[in-house]
Amino acid sequence: MFVNTFCRRIHCSQSRGQPLDRVILWRVLFIMALCLISNINAQIRYSVPEEMKKGSLIGNIAHDLGLDVQRLRSGRARIVSGDSTEYVELKTDKGILVVKERIDREQLCAETTPCSFTFEIILDNPMELHHVTVEILDVNDHSPTFPKDEINLEISESATHGARFLLGSADDPDVGVNALQNYMMSLNDYFILKQHTRPDGVKYAEMVLQKPLDREQHPRLSLILTAVDGGNPQRSGKIKIEVNVLDANDNAPVFNQSVYRATIEENSPKRTYITTVNASDADSGMYSLISYSFANLKGNINNVFEIDEKTGIITLTGMLDYEKAKKYEISIEAKDQGGLGNAAKVIVDLIDVNDNAPFISVMSFSSPVTEDATVGTTIAIFSVKDLDAGDNGHVECTIDRNTPFKLQSSLRNYYTLVTDAALDRERVAEYNITITATDSGSPALSSQKTLNLKVSDVNDNPPRFHKTVYTAYVIENNSPGLSIFTLSAQDDDWNQNARISYLLDETTVGGSPVSSFISVNADSGVVHALRGFDYEQMKSFSVCVKAQDGGSPPLSTNVTLDIIIQDQNDNAPQVLYPVQTGGSVVAEIVPRAADVGYLVTKVVAVDVDSGQNAWLSYKLQKATDRALFEVGLQNGEIRTVRQVTDKDAVKQKLTVVVEDNGQPSRSAVVSINVAVADSFPEVLSEFTDFTHEKQYNDNLTFYLVLALAAVSFLFITCVFVIISVKIYRWRQSRFLYQSNLPVIPYYPPHYADTGVTGTLPHGYNYEVCMTTDSRKSDCKFSTLGGQSVLVVDPSFTETMQRATKENKFLEDPELQEMQKPPNSDWRFPPNQRPGPSGAGVRPDEAGAGPGVIAGTGPWPNPPTEAEQLQALMAAANASEATATLGPRYNLQYGPEYRQNVYIPGSTATLTANPQQQVPQQALPPPQALPPAEVPKAAQTPASKKKPTKKDKK
């Protein structure tokens, strides 16, 4: 856009504080420049007189630029460039320019007119550049001066009318009207004064002879020459002219040319030859001798050049600087001895030499710059100057191409450094931008300026973890407050933007807030455990931790921390079987016919720990006879090592240690009572010697009371049900007896043994009434099941009721017919019998047709005495075994029970073998069934008595 810029020119004349009458304070509008430049550039011009006092007003820059004072403050307005900054000062609080130092126009510009200096005013946010020119107006502060105090002339009395005598010129540093204007000479009868102006504007004076001189009358004349300027007040300078009247001198010296030209390079050494002037005089004798001299010493010519008075050779005596003066015009005067003279001019042109390197002046530099600065953001504004001329002063600026910056130039010798690509502080935090200014001279000169630009950080990088999931391991039973892990994240940003805080995400673990388990230090990321962990309750859990930086707005990253709880060997093995009770004795029975490797029992134990801490090993710690039994190291099976003999004691007590593989290891001890006998009397005689130990666990009191109440309720219910069933069966039997219907014996299925590894291979029903903690308990046998039930008292004497019933049974032939001899398989040990223990042959193998109903075959084999004893002990401890069994069972420690299921505290073995299960069918009508042959019971030592008549009845 076009910007109309008004320049204000102000003339303020001031001379030592006195009023100015002839100088009018005026203001004019300066030239309105229409320039096709950016709206952030403007040019303004002021005119001020020299020698103004410090602090004097130059102009209202804010008003002239159309800016308010607040804009100058916010934009940090300042003056830059050049050497002119020492003369002016910007008052941003008032928006005015004032004089900073005294300005001497003659010292600043010498004879150059107009005299001015320029500077720039820079504003930021947004960037603005304004050019200001201040013109210095001359004040008449110098008087004309002559190079000498006195002029001596020797004039012959024969000098003709109109003869001219040069008086030279006076020097006045002022310019314009304040410069030298006139010459005046004191009144006399012989000479008049004439004034001339040379092409360079220098005014000089000469005397013209109007009346012949008479040496005899006036041999000597004294005149005063006055030089006057045009200032107000007027200043003047005087010189004294002394004229000595001589004899006749008819011819004045004449130069062979009026103008001499010479060229010389600047910086030439002293005594360099410039040129030679030559003048001749037609007179002879002493009047033909000519002397040469500089007619004027303006501009300190005498300090730069020298002329030989006799030869007219001009040589260099000072330093030449093309940048200060491009040429010199020297007036040469030739005089003879008679006082006649002539003048000529010597013009010395200087040749520029590339002796000045470009100068870089930074006017504005914005550092640091944010890394999110858009492309084209202004970083710096600078100017370049070269005092040389022509190609030597033509400057080109360049920067390194490997930087994301470029140079733009809208004005001559003014450059703007802008961004050319996006900045990234994380990649490059600072740049050293080297600006190179090179001129076009030969050889070329250059200069460099380095700008250190720092890139300020912007929160553009979130915290970063090396992994997305971390795993921490902590051993259980740790102390609260333990440091279990340290999270560490990195943020590529800087300072506050890189300050990371670690926050625990509020989630739940098992229904409890995760903050109740662990805590995370917000500054260091250290994870602490707030409680002790139990591997058996919790093996692992995951938490989410957020790493958040301190930027605005903050950035965050989530990471998952998996906390794995490692097992510690803090649980001893638990023995599931055999069950250890406090008030009763359980014994395993080993028949004396047991072979080597006979399975006595199996110790089943578990360890709630895991890994090596749960690897169990079984060792036989104590034994009555170590040579008879051994324990499997891995499976806990107790087997016989040798054949059982009659010499072996009936009572064998084994102590088995179950030990885990932890460090340190933990163990549990179980005591097992083994009875080596084939009959109950042998075993019962030894039972009284077992010690009864009481172990009370106060922690289980509540559960024991609850179990007792439940068992009592079940017992009463069972008694009521049994009585009801008995009454119902009795009434049914009475009904069948009176109806004379054939009685079909039917027996419910029993437990079946699936192998030969059980300790009691036959199944029977028992009714036991016994107190567990009394040595005088009464045991009564019920008639249900025949002789399958054995009841003894602590003294091992049978009750009278049982003996009477047994005698009746033996003496009654009718009852004996109902019980046939036992199966011949009873002679074999349980592990050699075909099929399940106590079961008869399958109906299809016995020759029965497909219509035969299962359950109507022969009676099962009677139990042995050892089996009866073991059943007795198992029934007495059934309730206690149920209470001591724990709810947990490790499957890896029971591989031998994939087919057989042992019920702790019971002598029965349940099987899932479908081949041994015969589906039962509905009974056919009674008349269709053949009479079943009931096997007779095997004779025991107690049944060898002859039945009496009383028993028969």
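Visitor: What are the ground rules here?
Guide: This is a predicted model, so local features need pLDDT of at least 70, side-chain atom pairs count only at pLDDT 80 or more, and totals for chains, interfaces and linings use all residues. Residues are numbered from 1 along each chain as its sequence is written, and side-chain values use heavy atoms, with hydrogens and water left out.

Visitor: How many helices and strands does the protein chain have?
Guide: Eleven helices and 55 strands. Both are DSSP runs, numbered from the N terminus: helices are H or I with at least four residues, strands are E with at least two.

Visitor: What share of the chain counts as buried?
Guide: Of the 953 residues, 40% are buried. Buried means under 20% relative accessible area, exposed over 50%, and partly exposed in between, with a 1.4 Å probe and protein chains only.

Visitor: Why is K53 called exposed?
Guide: Its relative accessibility is 58%. The cut-off for exposed is over 50%, so K53 qualifies. K53 lies in the loop between β5 (41-49) and β6 (57-59). K53 and V98 are 45 residues apart in sequence, and their C-alpha atoms are 9.6 Å apart in space.

Visitor: Why is the pair of Y87 and F117 called tilted?
Guide: The ring centres are 5.6 Å apart and the planes stand at 40°. Rings of Phe, Tyr and Trp (its six-membered ring) pair if their centres lie within 6.5 Å; planes under 30 degrees apart count as stacked, over 60 as edge-to-face and the rest as tilted. The angle of 40° falls in the rest, so the pair is tilted. This pair links distant parts of the chain: Y87 is in the loop between β7 (78-80) and β8 (88-91), F117 is in strand β10 (residues 115-123), and 30 residues separate them.

Visitor: How do you know that Y87 and F117 are buried?
Guide: Y87 has a relative accessible area of 17%. F117 has 7%. Both values are under 20%, so both residues count as buried. Ring pairs also link Y87, F117 and F119 into a cluster.

Visitor: What makes F465 and Y470 an edge-to-face pair?
Guide: Their centres are 6.1 Å apart, and the angle between the planes is 70°. The distance is within 6.5 Å and the angle is over 60, so the label is edge-to-face. F465 is buried at 10%, and Y470 is buried at 10%. The structure holds 13 aromatic pairs.

Visitor: What makes R531 a charge over a ring?
Guide: NZ of Lys or CZ of Arg must be within 6 Å of the ring centre and within 35 degrees of the ring normal. The charged end of R531 is 4.2 Å from the centre of the F517 ring and sits over it. The charged end of K539 sits over the ring of Y535, 4.9 Å from its centre.

Visitor: Which residues touch the most other members of the largest nonpolar core?
Guide: L487, Y502, I518 and F541, out of 29 residues. Such a core is a set of buried Ala, Val, Leu, Ile, Met, Phe, Trp, Tyr and Cys residues joined through side-chain atoms within 4.5 Å. Several strands each supply at least two residues of this core, including β36 (469-475), β43 (540-549) and β44 (556-566). Contact means heavy atoms within 4.5 Å. Leaving aside residues up to four places away in sequence, I518 touches I484, L504, V527 and F541, among others.

Visitor: Why are β21 and β24 called edge strands?
Guide: Three strands form an open, antiparallel sheet in the order β21-β25-β24. β21 (273-276) and β24 (305-307) each have a single partner strand, so one side of each is left without a neighbour in the sheet. Two strands pair if DSSP finds at least two bridges between them. β21 and strand β25 (residues 313-316) share three bridges, so they pair. T276 stands opposite I313 in β25.

Visitor: What makes the pairing mixed in the sheet β46-β53-β52-β49?
Guide: This open sheet has four strands. β46 and β53 pair in the parallel sense over four bridges. β52 and strand β53 (residues 667-676) are antiparallel over nine bridges. Six bridges join strand β49 (residues 617-623) to strand β52 (residues 651-659), also antiparallel. In β53, I589 has A675 as its bridge partner, and Q652 has V674.
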